[in-house]
Amino acid sequence: MVSRTERAGAVSVGTRVLSRLEVTRLLTMEDCIEAVEAAFRAHAEGRSIPPGVLSAHVDGGAFHVKAAGLLGDSPYYAAKLNGNFHSNAERFGLPRIQGLIVLCDAQNGVPLAVMDSAHITLMRTAAATAVAARHLARADAESITIVGCGLQGRAQLVALRCVRPIKTARLVDSDPKAAERLAADLSGHLEIEVVSGDRLPEAVRRSDMCVTSTPSRRPLFGVEAVPRGAFVAALGADSEEKQELDPELLRASRLVVDHLEQCATIGDLHHALASGAMTRADVHAELHEVVASQKPGRTSADEIFVFDSTGVALQDVAAAALVYERAVAASVGTAIELLT
């Protein structure tokens, strides 16, 4: 971590501005996983400023603000503003997700850095799934189905390869060509068997793990498609209208959420609650409770675990702090004087 002396020196030359390329070069998947896991553990131990969220829907998309802090020798607070517009590529030639993170000193409020949020959002989302899989997936899980073959689908497979011995990946997308492109890209890169063309729910039935990352507004599959002992992570439900998993699958599984209130409002849990399939008391745990061993993770090979991931700002502040500290150490970024 950056010492208070080093941080004071960085502030004296301004707030550090970091581009997407600079952030990408500074943040590796392996280190992001460790930083995110440490953030969830800190939250469980009371060493955080709890996460909060604010959202607004507009024509064609939505904005959301997520914020949280991590306490300790170098306390940080981060607020992320993201815009999410699904038709950006077709309409404007722009990425679907764009935004910024402002990282502040949580002791005095000094804005330490302003950085692009897209790569951090991509990486920290995949890192959280990897943290969940480390505690909830079988240690010998060797096969996975990725549903949704965009940038997040790619990041998910890379992250899960860091924590489980994956040998086979099945890629499924509503656009078969997207699955084919990702399979071709990853086959050589990861040195595992990567195949496209399988259909749901057959691909899920043949896999130890499954990750869904889609804009779906209806269940992609149900409990009948999920084998005993599987780990399923659902990432796509980031608004009340979106849904990827059948409520009966959540009811029949051990459900772990990244944030109970958030998942009850916008996650797949939201639909299970609305249908009457579950109550909040039926949720097995929040992820930070499992990471800190306050509640058990996997205890048998036959358990089915579902991870409802809506994305919390603890992940953002953990990744942003890591990027900032590396930027200071390597003198990366542009310093500007915002406070004068």
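# Strand pairing and salt bridges

User: In helix H9 (residues 247-252), what separates Arg251 and Glu248?

Analyst: This is a predicted model, with residues numbered from 1 along each chain as its sequence is written. Local features need pLDDT of at least 70 and side-chain atom pairs 80 or more, totals for chains, interfaces and linings use all residues, and side-chain values use heavy atoms, without hydrogens and water. Helices (H or I, at least four residues) and strands (E, at least two) are DSSP runs, numbered from the N terminus. Because Arg251 and Glu248 lie three residues apart in H9, the separation is about one helical turn.

User: How close do the N and O atoms of Arg251 and Glu248 come?

Analyst: The two residues form a salt bridge, that is, a side-chain nitrogen of Lys or Arg within 4 Å of a carboxyl oxygen of Asp or Glu. The closest N and O atoms of Arg251 and Glu248 are apart by 2.8 Å.

User: Is strand E4 (residues 76-85) largely enclosed or open, and how many of its ten residues are buried?

Analyst: Buried means under 20% relative accessible area, exposed over 50%, and partly exposed in between (1.4 Å probe, protein chains only). E4 is largely enclosed by the rest of the structure, because the buried residues among its ten number seven.

User: Which residue in the turn between E5 and E6 has a positive phi?

Analyst: Five bridges join E5 to strand E6 (residues 111-116) in the antiparallel sense, and Leu100 has Asp116 as its partner. The hairpin has five residues between the strands, and a positive phi of about 85 degrees belongs to Gly109.

User: Which arginines form salt bridges with Asp198, and which of them is exposed?

Analyst: Asp198 meets Arg170 at 3.4 Å, N to O. That pair is 28 residues apart, with Asp198 in the loop between strand E9 (193-196) and helix H8 (202-205) and Arg170 in strand E8 (residues 168-172). Asp198 also bridges Arg206, again at 3.4 Å. Arg170 is buried at 9% relative accessibility, whereas 51% makes the exposed one Arg206.

How values were computed:
Pairing = 2+ DSSP bridges.
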